[in-house]
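Here are a few notes to read alongside the structure. Keep the model open while you go through the points.

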Amino acid sequence: MEKKLPGLLVNSYGFANFTFTLMMYLALHYYSIFLTDVALIAIFHVSAIMAITHFVDVLSIPFSAGIIQNSNMRWGKFRSWLVFMPIVTCIFFTLTFTNLPLDYMYKIVFLSGAYMLAHVSLNFAFNAHLSMISILAKRVEERLKLSARNIQFGMAGTILFSILVIPMLAFFSKESDTWGYFFTVLILAVIQVLGYWNLFYHSKGYEKQIPMVKGAPSSRVRLWDMILQVVANPPLLMLMMADCFVNLAFFSLSTLAVYYFKYVTGDPLWMTAYTLFHSFATFTAAFIGPYLATFMGKKKTYLFAGLYGVTGFVLLRFFGASSPIAYIAIANLAALGFGTSNPIRHAMYMDTAEYGYYKTGKDATAFVVSMFSFPIKIGIALATTIATAGLGFIGYEANMTPTPEFISNLMNIICFIPVGCGILMVVIMSFYPLADSKLPEIMEANAERKAKEAVAMGA
């Protein structure tokens with residue numbers, strides 16, 4: 001009988017996402033406004049920076065996933081990446097928020113280069129972390145537990161971000177916005193390193209370097225295998241497409257919220273209350289989602305989240321501009337329902353990895369599970385690019401005095417982007433073909449195949 005996953009290990013898996021979220025949320029909420037209002041980069045140049053850097057970031061995901069899939073290092077295929085890559089991320093993520101006294105174009109090149117290096121290195125540790133679910137969890141319920149705990153800790157990170165990090169940024173920025181951002185991100189980047197190292201320590205013994213045996217079955221995956229795992233795996237393809245719109249909705253709201261509180265309410269400190277209540281809403285959703293999935297199934301839970309979100313974001317457009325309290329209340333009620341899909345998505349990628357192995361006979365688990373981060377990065381890329389381009393289109397200028405027309409147009413881009421995303425995710429997931437009832441049969445067949453491969457390796 002397989003032993004139960006220790007609670008300390010489950011929580012360490014989630015804690016890594018907790019520390020990662022603290023660092024990433026600063027970028028998600030504040031990087032655009034850092035570029036426009038601190039580094040003083042023109043809004044259309046910011047949009048171009050976001051498009052180019054995120055394009056590189058997105059391309060690096062399958063690249064890093066492929067390297068991880070084919071790696072065979074001292075501490076294992078996945079755990080090894082948790083040792084050094086977080087340090088690289090720490091260095092370049094901190095440089096991303098520096099406002100050095102450089103000429104305008106040199107500053108753009110420097111910040112763009114630092115951003116790309118930070119996020120490419122980040123993808124290695126993040127994808128390795130996600131892929132560890134395949135070596136830690138051997139049963140469906142364990143996968144759902146790890147997936148949910150990962151999101152729950154991430155949402156707890158957003159709560160702490162609201163309570164601690166935003167005031168910390170304000171404290172360090174009293175004398176200089178430049179130094180405020182630098183010290184804040186440095187602290188968070190170091191904490192990120194500690195989170196990954198903690199998971200590395202507590203997962204000792206669950207993964208070892210695999211001896212290379214000539215002629216034995218291999219999980220080595222070529223470029224064509226990676227492409228086939230996506231295009232010939234309908235559940236994975238549909239899940240990734242739907243997730244792109246989920247993340248576009250979330251990150252466009254995150255990017256534009258800071259502009260709402262600065263230019264509509266005139267008091268940026270409302271951002272603290274917004275992120276705090278938003279964090280509580282998504283944290284609560286992280287507990288509701290697994291229960292809904294238990295009774296409704298993963299697909300119906302995903303559809304519920306989309307329909308709920310669309311309704312909430314429509315209401316936000318009509319009533320959100322009336323007061324910051326109304327905006328916070330409506331936006332976070334929408335996030336409560338929209339976020340119920342978050343804690344089940346990680347487990348759904350593992351489901352599609354099982355399906356891919358079942359259909360092709362090629363174990364590309366690390367690559368497939370790493371695709372969880374692909375829609376996240378696409379969502380961030382599209383959100384920051386579309387949001388900043390939208391701001392330029394409606395006439396935004398740094399530190400401007402807003403007009404009623406500007407406020408109305410700002411509310412349009414804040415609300416209608418997630419409304420459209422919610423509709424599209426519902427349409428796509430309506431055709432998701434992988435039923436929960438089919439998974440035990442698939443997993444049993446895969447286990448038998450792996451057992452035969454293990455015997456072949458020992459022969």
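**Notes on the predicted model**

1. Let's start with a residue at the end of a helix range. Asn 70 sits in helix α2, which covers residues 43–70. Its relative accessible area is 22%, so Asn 70 is classed as partly exposed, given that buried requires a value under 20%.

2. Now the overall picture. Remember that this is a predicted model. The protein has 17 helices and 0 strands. Its radius of gyration is 22 Å, close to the 23 Å that the globule rule gives for 459 residues, so the protein is as compact as a globular protein of that length. Along the principal axes, the C-alpha atoms fill a box of roughly 75 × 45 × 40 Å.

3. How far can you trust the coordinates? The mean pLDDT of the protein is 84, with 93% of the residues at 70 or more. Among the helices, confidence is highest in α3 (residues 81–96), at a mean of 94, and lowest in α8 (residues 223–231), at 68. Please go carefully around residues 211–218, where the pLDDT is below 50; this stretch has 8 contacts in the model beyond near neighbours in sequence. Where pLDDT is low, predicted coordinates should not be read in detail.

4. On burial and surface: 58% of the 459 residues count as buried. The accessible surface comes to about 18,900 Å², and carbon and sulfur atoms make up 71% of that. As for contacts with a separation of 6 or more, 85% of them link residues 24 or more positions apart.

5. Which residues have the most contacts inside the largest nonpolar core? They are Tyr 30 and Ile 414, in a core of 142 residues. Have a look around Ile 414: leaving out neighbours within four places in sequence, Ile 414 is in contact with Leu 253, Leu 256, Tyr 260, Leu 316 and Tyr 327.

6. A polar atom of the Thr 21 side chain lies 2.6 Å from the backbone oxygen of Asn 17. Setting aside residues up to four places away in sequence, Thr 21 also touches Gly 154, Gly 157 and Thr 158.

7. Next, go to helix α12 (residues 324–338), where you'll find Ala 334. Is Ala 334 buried or exposed? At 1% relative accessibility, Ala 334 counts as buried. Apart from residues up to four places away in sequence, Ala 334 touches Tyr 308, Gly 309, Gly 312 and Phe 313. Thr 311 is 23 residues from Ala 334 along the chain, and the C-alpha atoms of the two are separated by 7.5 Å.

8. One last thing to check is Leu 40, in the loop between α1 and α2. Leu 40 is not a glycine, yet has a positive phi of about 60 degrees. Leu 40 counts as exposed, at 55% relative accessibility, because that label applies over 50%.

Definitions and conventions
Residues numbered from 1 in each chain as written. Predicted model: local features only at pLDDT ≥ 70, side-chain atom pairs only at ≥ 80, totals over all residues. Heavy atoms only, no water. Core = buried A, V, L, I, M, F, W, Y, C linked by side-chain atoms within 4.5 Å. Buried < 20%, exposed > 50% of the residue type's maximum accessible area, 1.4 Å probe, protein only. Contact = heavy atoms within 4.5 Å. Polar contact = N/O pair within 3.5 Å; in protein donor to acceptor, adjacent residues only side chain to side chain. Helix = DSSP H or I, 4+ residues; strand = E, 2+ residues; numbered from the N terminus. Rg over C-alpha atoms; globule rule 2.2 N^0.38 Å. Areas by Shrake-Rupley, 256 points an atom, 1.4 Å probe, with all protein chains shown as cover. pLDDT = per-residue confidence, 0-100.
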